[in-house]
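The structure comes first, and the notes follow by topic.

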Amino acid sequence: MKVDVLLGLQWGDEGKGKIVDVLTPEYDVIARFQGGPNAGHTLEFDGIKHVLHTIPSGVFRPDTLNVVGNGVVIDPIIFKKEIDALVGLGVDVAGSLAISRKAHLILPTHRLLDAASEAAKGKAKIGSTLKGIGPTYMDKTGRNGLRVGDIESPHFESRYHTLRDKHVGMLGQFDGFEFSVDDAEWLEAVAFLQTLKLIDSEHDMNRALKAGQRILAEGAQGTMLDIDFGTYPFVTSSNTISAGACTGLGIAPNRVGEVFGIFKAYCTRVGSGPFPTELHDEVGEQMRAEGREFGATTGRPRRCGWLDLPQLRYAVDVNGATQLCMMKADVLGCFEEIEVCTHYMHRDEKIDHLPFGINPDEVEPVYTTLPGWPGDLTGIRTLDEVPQTLLDYVAFIEEAVGVPVTVLSVGPDRAQTLQLKS
Ligand code: GDP
Ligand code: IMO
Ligand code: MG
């Protein structure tokens, strides 16, 4: 069997959680492979909205194993709160969740270091979610980190104190940054983590594949936030692209099957950094209002703009996307006409690829205007109800990026999902 991968092709919040939830009945295992509680994945069904941060989005479907892979970073406090909330809803989390011993732990001092680093950057701040993601991955690559498997060791507390004290020394070097470390709740949450099913997930993943089980790897963030291929330094600290599923789960590249690329019919970004098609006018505001574009993790307003085809093509290429899911087509129902960026002007040249720098002084988007599909799409349940102008928009995108759009989403609910092609 192969592992299918589902990930974001833009700047995150494309609607990954919704599509994982829709696809889960076709899989035995849903596995997160990178990121941590910076993610906010929204699922809606039976009139209720759920937001997941570290727990994979298969958790609401029975008979699915949800794996938190080695590439993920875990904040025990947030993790426990998330599980407690799910248990309160009657979800059997303990029975359907397994955590890699090689996943790294976010310490309270990692969160403080994130805040201190952002404050020190001033106007140049990344716009981090302040969940401690960057400092935790820095300790991972710097070979100082603590992993989930370490909590089973009798030396865990002393190792924790050593790392915490090192962080306290570092925090003291940030001018004027005031802090206090209270780790009682964290240590309590670590004790809770120990009661959960901890696994050597790379073995389990490969065993599951050999046994013919179907695995879906759930990406977090999006391609433009990838540490290598995103808009560096305004990125997250992990590989969000399909290759990240290999290192974040222990799966060989030749085991990757379908790569589902999720994108919105327009673009959004939360946090700082370049965004060529960003709209600073009432059109952008209308998108934000219609699309309810406010962060699922931080509540911050998301920046909005038109679809960017050079960006999308780049993302399709670096991920090897085999099929696409277009989200939030209903939101553009408020416009008579739709703009699409097909090229950039870059150093007096018209280009259709993403150059090294995409700051406003480096690229200027070139737009094509297409007819819109004014009206309410959210009640559509069959393909013959889809407006022709929307089908033409989909065909225009497919032609530009060379990959089929197989799923069309017309609302946040599970039921508001149309299969365009099998
Ligand atoms: P994720 O991080 O990729 O899982 O995406 P988020 O959950 O952060 O953001 C996507 C938002 O759009 C959520 O509020 C979803 O409920 C919502 N959503 C998903 N698909 C659609 C859609 O087709 N139409 C509309 N209107 N909302 C959608
Ligand atoms: P999901 O999985 C959108 C952004 C932050 C910031 C940058 C770095 O819900 O799509 P970090 O906390 O990782 O150090 O922040 O990345 N960011 C996201 N934006 N969706 C996300 O996750 C994000 N996770 C991080 O806003 O600009
Ligand atoms: Mg999100």
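A polar contact is a pair of N or O atoms within 3.5 Å; within protein, one must be able to donate a hydrogen and the other to accept it, and residues adjacent in sequence count only if both atoms are side-chain atoms. This is a predicted model: local features need pLDDT of at least 70, side-chain atom pairs count only at pLDDT 80 or more, and totals for chains, interfaces and linings use all residues. Side-chain values use heavy atoms, without hydrogens and water; residues are numbered from 1 along each chain as its sequence is written, with chains lettered from A and ligands numbered from 1 in the order in which they are written.

**Ligand 1**
- An oxygen atom of ligand 1 lies 2.9 Å from a polar backbone atom of Gly40.
- Backbone N or O atoms of two further residues face oxygen atoms of ligand 1: Gly15 at 2.8 Å and Glu14 at 3.1 Å.

**Magnesium ion (ligand 3)**
- Asp13 (OD) and Gly40 (O) coordinate the ion at 2.0 to 2.2 Å (donors are N, O and S atoms within 2.8 Å of the metal, 3.2 Å for Na, K and Ca; water is not among the atoms, so sites may look incomplete).
- The two residues are 27 residues apart, Asp13 in the loop between strand 1 (3-8) and helix 1 (16-23), Gly40 in the loop between strand 2 (29-32) and strand 3 (41-45) (helices, H or I, at least four residues, and strands, E, at least two, are DSSP runs numbered from the N terminus).
- Gly40 is buried, at 11% relative accessibility, whereas Asp13 is partly exposed at 23% (buried is under 20% relative accessible area, exposed over 50%, partly exposed in between; 1.4 Å probe, protein chains only).

**Helix 6**
- The buried residues of helix 6 are Phe156, Tyr160, Leu163, Arg164, His167 and Leu171.
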